[in-house]
Amino acid sequence: MYRPAAVDERQALDAFIRAQPFATIALTRDGAVQLAYAPVVLDAEGVRFHLAANNPMARADGARLRLSFLGAHAYISPGWYETKTMVPTWNYSAVEGEGVARRLDEPALTALLVDLSAAEEAKLAPKKPWTVDKVPAERMAMLLRAIVGFSLRFETLEGKFKLSQNAKPEDFAGAVRGLEERGDAASVAVAGAMRRLDRTRSE
């Protein structure tokens, strides 16, 4: 990851992954890059996830993987800046981690499904949480045969939050206003990230 706007604080990176738990998973095999996509459960040292058993990447036990977590992103118009010599850019936040995948046995895979659904159901409160024990045993056994679970301990974990940090205060403020006026969910989310960054810098 090219990182002129680097973030290495583990607490901030963990918080980002919890908020954006859907990973793009990359594996290089025989000179070709393969990609898969999966939600993850964040643990103390890494993540757990599962793939469809028919996915070629489900044979990744012992393979080195790179995971990318992409947050909200949005186009930044130079028309939002006070400085008239600026050019278009794109603001975004992303975290990347790397490590070796280890296949989970069946009890650990079941625990992954429990933990994954619990983490996501908690975000739907006050709705009563759905739990895995509602799945009939025969159906659960079929499901477990159809997926393969992995754990991955992060050997590297790094973030890049490109949020107009290098802009003059008046240009930064103009970009935030422009994003908020644009009004779509991604633009508003990027504006929120910029405002949080600005508060952090002023503390």
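Modeller: The protein chain has 5 helices and 9 strands, where helices (H or I, at least four residues) and strands (E, at least two) are DSSP runs, numbered from the N terminus. This is a predicted model, in which local features need pLDDT of at least 70, side-chain atom pairs count only at pLDDT 80 or more, and totals for chains, interfaces and linings use all residues. Residues are numbered from 1 along each chain as its sequence is written, and side-chain values use heavy atoms, with hydrogens and water left out.

Biologist: What makes strand β8 mostly covered?

Modeller: Buried means under 20% relative accessible area, exposed over 50%, and partly exposed in between (1.4 Å probe, protein chains only). In β8 (residues 147–153), 5 of the 7 residues are buried, so the strand is mostly covered.

Biologist: Why are β5 and β8 said to pair?

Modeller: Two strands pair if DSSP finds at least two bridges between them. Strands β5 (residues 46–52) and β8 have 7 bridges, and therefore count as paired, in the antiparallel sense. Leu51 has Val148 in β8 as its bridge partner. Strand β7 (residues 89–103) is joined to β8 by 3 bridges, also antiparallel, and Arg102 stands opposite Ser151 in β8.

Biologist: Which residues of helix α1 are buried, and how do you know that they share a side?

Modeller: In α1 (residues 10–19), Leu13, Asp14, Phe16 and Ile17 are buried. They lie on the same side because they cover an arc of only 160° around the axis, the arc being that of the directions from the helix axis to the C-beta atoms. The face turned away from this buried side carries exposed Gln11 and Ala19.
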